[in-house]
Amino acid sequence: MRMPEPDAQTIARKDEIVRSLIALFRADEGAAVIHDAAQLRAFECDGLSAYRARPLCVVLPETTEQVSRILRYCDEQKIKVVARGSGTSLSGGALPLADSVVLGLSKFNRILDVDYANRCVVAQSGVTNLSISDAVASEGFYYAPDPSSQVACSIGGNVAENSGGVHCLKYGLTTNNVLGVEMVLIDGEVVRLGGRHLDAGGYDLLGLVTGSEGLLGIVTEVTVRILRRPETAEAALIGFPTAESAGACVAAIIGAGIIPAGMEMMDRPAIHATEAFVHAGYPLDAEALLIVELDGPAVEVAHLRDRVAAIARSVGANSVQTSTNEAERLRFWAGRKAAFPAVGRLAPDYFCMDGTIPRAKLPIVLTRMAEMSQRFGLGVANVFHAGDGNLHPLIMYDINKPGDLEKAEEFGAEILRLCVEVGGVLTGEHGVGVEKRDLMGEMFSETDLNQQQRVKCAFDPDSLLNPGKVFPTLHRCVEQGRAHVHAGELPFAHLPRL
Amino acid sequence: MDQIFVPRSEGEVAEAVRWALAGRHALAISGAGTKFGWGRPVNAVASLKLAQFSDIELYEPEELVLSARAGTSMSEIERRLAQHGQQLAFEPPDFGPLFGTPAGGGTLGGAVACNLAGPRRIHAGAARDHVLGFAGVNGLGESFKAGGRVVKNVTGFDLSKLVSGSFGTLAVMTHITLKVLPAPEESRTILLLGCAAAAAIGAMAAALGSPHEISGAAFLPAALATKSRIVSIAGAGVSVTALRIEGAGPSVAVRAETLRTLLGVRGAIGELTDVESRVLWREIRDVAPFLNDRARAIWQLSVPPANGAQVAGDVARQVDGECYFDWGGGRIWLSTVSETIETAAVIRAAVAAVGGHATLMRAGDAARRSVAAFQPLSGAEKHLVARLKDNFDPHRIFNPGRMYEGV
Ligand SMILES: Cc1cc2nc3c(=O)[nH]c(=O)nc-3n(C[C@H](O)[C@H](O)[C@H](O)COP(=O)(O)OP(=O)(O)OC[C@H]3O[C@@H](n4cnc5c(N)ncnc54)[C@H](O)[C@@H]3O)c2cc1C
């Protein structure tokens with residue numbers, strides 16, 4: 001993985017930069033700039049720990065005004081800035097650059113307002129996803145997008161990655177649940193996009209910023225929609241003799257007009273790994289396991305439970321178990337939720353991939369992945385947000401074995417190319433980051449990528465915010481349009497006109 | 001209009017754009033042109049109409065996905081979906097009649113470019129939330145694409161969001177891929193009769209804060225309720241607060257019953273049948289209460305729902321007009337007798353007090369030229385919008401001025 005060549009001059013100026021950043025804080029504010037090597041170690045990587053780099057320093061502001069001062073300084077000095085929420089990104093989005101300042105949002109940890117009348121919560125961007133739900137739980141509300149990392153990941157990071165969770169089939173991704181943000185631009189300007197109302201009155205900048213991976217600005221505050229918790233929730237564990245029959249079951253459920261709250265699939269290796277780890281009671285003879293969660297009023301859940309069970313049997317399910325109480329429902333989920341650590345016990349290291357495919361392609365993708373696994377000599381276990389086609393192959397390797405990391409990377413890249421080949425995409429929820437950066441060309445043409453990069457130029461003309469992420473090549477933001485304009489040969493006689 | 005291009009292929013769209021680019025001609029972009037009155041008037045020498053570039057190219061009901069050429073008519077798409085028991089969950093309004101064209105004429109490209117959303121917005125999102133990807137031509141005449149055909153996709157910037165609601169000022173969309181969803185088996189509406197606006201907002205908030213998955217929450221004051229085609233509403237003689245519940249039969253029955261109890265303490269209750277329910281929400285969706293009074297200006301306001309009554313009250317004290325609420329109070333449809341800059345200032349001040357935006361949907365030509373149709377932008381946002389325009393359409397070919405002067 002190649003990162004942009006660090007600027008030696010900037011690195012040589014480290015001490016001066018640190019002093020200047022400290023000086024940006026007023027005496028009564030208490031500067032928070034981390035610059036010694038030992039302390040910086042904690043910031044060298046995010047959740048994709050195979051890649052590491054030590055930044056110049058880490059600055060931890062606690063007010064929007066401080067963020068604004070820091071960015072204005074970095075803009076003037078042309079110093080790169082990498083935003084960091086909780087550092088759980090699985091795509092290297094928060095990976096520092098050697099010549100960058102990491103701007104950490106961990107002190108932005110306050111919930112600013114809980115507004116039940118408008119059914120929203122306003123939180124600083126470093127607040128964890130789960131603490132938003134916790135803050136409104138007493139009134140029976142919650143924040144729907146629930147990434148498995150929700151105890152740790154920040155809401156600002158969720159906005160940056162447009163994160164999902166097991167319930168986004170029914171309740172949507174971050175982008176469908178965010179109402180507004182406060183964001184600081186690279187020149188220090190503060191903009192508020194959205195608010196407590198719905199939709200933009202002009203360009204949907206909020207929608208654009210969501211999922212922009214820290215490339216467009218630093219999000220300091222987020223307003224999210226909250227929902228009332230459904231009255232009941234119930235999970236069914238359904239075992240299948242083949243991945244095909246599990247896939248057919250998913251298609252048939254949706255084809256019958258049912259959108260479950262969650263629909264997760266695991267393949268045989270994932271079933272075995274998790275069962276050994278948490279003893280959730282998964283059927284070990286199954287080739288594929290579906291967890292189908294239904295929520296809503298008790299009658300609705302009961303009504304749909306029977307229909308789902310009938311559909312499952314009709315496509316050849318081996319076993320159908322329905323949770324009869326909350327403890328059992330949580331137990332059914334426990335295995336799925338522990339899939340990463342469970343696989344972590346099978347191998348010293350693993351990569352969690354994140355492609356999305358049209359669901360009908362699942363059997364072929366699983367078959368080809370098994371072939372690849374053979375060829376690379378690396379194990380793979382699959383967990384799959386089946387309802388929306390988002391696949392998480394976990395590739396097992398050992399970083400201490402020479403060549404293993406490279407093989408795992410190549411295996412992962414081949415899986416993602418396969419996802420694109422069958423009509424899917426490189427990443428469903430983890431972001432491009434550095435991990436999938438060099439594969440962008442598999443999905444997009446040069447023109448497509450240029451158009452996206454010009455959006456970056458509109459926000460960050462000197463490419464100081466998180467450079468080296470998302471886009472395979474760094475373009476300079478030049479004057480637009482010059483080279484592209486051909487003298488058009490009038491009068492385009494063959495075009496149909498009225 | 002010197003030239004009217006009616007392309008039948010993506011290549012022809014690009015060629016028309018390159019023609020405009022070469023001569024620096026402004027192009028008025030449209031689908032079927034049913035919403036031309038929305039936004040500022042565009043001075044263009046040529047027009048590019050996508051309505052003939054139409055076809056549903058992919059529809060896989062079990063994958064919940066549909067791709068179509070941008071000129072495909074919305075009625076055709078809705079018909080196809082209905083055959084499979086599916087729908088566009090964002091409940092796109094048909095604004096044709098509002099702008100004086102027949103119902104059923106709009107295209108997919110227009111629906112997305114205007115980011116349409118109906119009453120179900122509160123539950124299912126707007127057009128923006130259902131566009132999975134698109135292909136189009138930028139202002140340099142280059143064909144590009146963004147997004148994909150799967151629901152979960154964070155590969156690259158979400159340009160689908162950016163073009164949704166860009167009113168043809170950034171790119172000419174040629175193909176659009178949408179997420180589609182099962183249509184509910186049943187729809188029922190519970191009515192709360194005779195509430196004042198503020199009390200109605202309270203009732204809607206209680207319902208929306210309940211676990212009953214309300215998919216429509218609207219308030220019609222007595223004078224507007226009389227305009228409904230539903231006899232029980234038109235004849236109610238009082239204001240009507242309407243709450244919709246959709247889903248599987250047994251679930252709808254139970255939720256409707258619980259909702260009646262929840263609201264019963266607040267006033268007299270009524271209920272609509274499935275058929276009536278569908279008629280009412282179509283009226284609310286398409287701004288039917290205002291259709292017959294063509295002399296009036298029409299505004300659409302989006303505000304925090306709890307502030308709906310306050311905003312409406314502020315406006316009513318200073319401006320002669322009528323309004324009703326959708327989205328639990330968050331969307332205010334307002335018709336005003338006057339369409340002056342002063343009226344606009346009153347409306348925008350009322351919105352500014354609580355946060356949100358106001359769009360002048362329909363007005364006479366003079367007003368459309370003088371009054372900012374879209375919510376005026378703050379300094380930093382204005383700058384970003386101009387720079388985005390620079391980066392999609394540097395020569396200001398596409399619908400120049402439709403949203404903002406100079407964009
Ligand atoms: C065990 C585990 C399970 C996971 N499960 C899921 C899952 O189910 N679904 C899912 O979608 N993801 C999942 N993730 C991935 C990860 O948790 C999410 O991407 C999360 O949103 C990252 O949040 P963070 O605060 O840790 O961000 P970071 O990792 O700190 O940063 C992520 C990116 O966002 C940028 N960023 C962070 N904060 C800001 C800000 N305030 N302003 C601007 N840019 C910012 C960073 O520059 C970086 O590019 C999982 C990760 C782990 C480790």
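Two exercises on a predicted model follow, each with a worked solution.

**Exercise 1.** Describe how helix α11 of chain B packs against helix α12 of chain B.

*Solution.*

1. Locate the helices: α11(B) covers residues 308–318, and α12(B) covers residues 341–352.
2. Take the geometry: the two helices pack at an angle of about 155°, and their axes lie 9 Å apart.
3. Classify the angle: angles over 145 degrees count as roughly antiparallel, so α11(B) is roughly antiparallel to α12(B).
4. Assign the hand: α11(B) and α12(B) make a right-handed crossing.
5. List the contact residues: α11(B) supplies B:Val311, B:Asp314, B:Val315 and B:Gln318, which meet B:Val346, B:Ile347, B:Ala350 and B:Val351 of α12(B).
6. Sort the contact by class: between α11(B) and α12(B) there are 6 nonpolar residues, 1 polar and 1 charged.

**Exercise 2.** Find the cavities of 30 Å³ or more in the whole structure, then describe what lines the largest cavity.

*Solution.*

1. Count the cavities: searching the whole structure gives 8 of 30 Å³ or more.
2. Size the largest cavity: its volume is about 300 Å³.
3. Identify the residues closest to the centre: among the 25 residues lining the largest cavity, these are B:Ile29, B:Ser30, B:Gly31, B:Gly110 and B:Ala113.
4. Assign the lining to elements: in chain B, β2 (27–30), α3 (108–113) and β9 (171–179) are the elements that each give two or more residues to the lining of the largest cavity.
5. Sort the lining by class: the largest cavity is lined by 12 nonpolar, 11 polar and 2 charged residues.

Definitions and conventions: Residues numbered from 1 in each chain as written. Chains lettered and ligands numbered in written order. Predicted model: local features only at pLDDT ≥ 70, side-chain atom pairs only at ≥ 80, totals over all residues. Heavy atoms only, no water. Axes fitted to C-alpha atoms, helices over the stretch in contact; angles between N-to-C directions. Helix = DSSP H or I, 4+ residues; strand = E, 2+ residues; numbered from the N terminus. Parallel < 35°, antiparallel > 145°, perpendicular 65-115°, else oblique. Left-handed = near helix turned anticlockwise from the far one by under 90°. Contact = heavy atoms within 4.5 Å. Nonpolar A, V, L, I, M, F, W, Y, C, P; charged D, E, K, R; others polar. 1 Å grid on protein atoms, 1.4 Å probe; cavity = no way out; pocket = protein on both sides within 12 Å on 5 of 7 lines; lining within 4 Å. Points joined across faces, edges and corners; volume = space filled by probe spheres on them.
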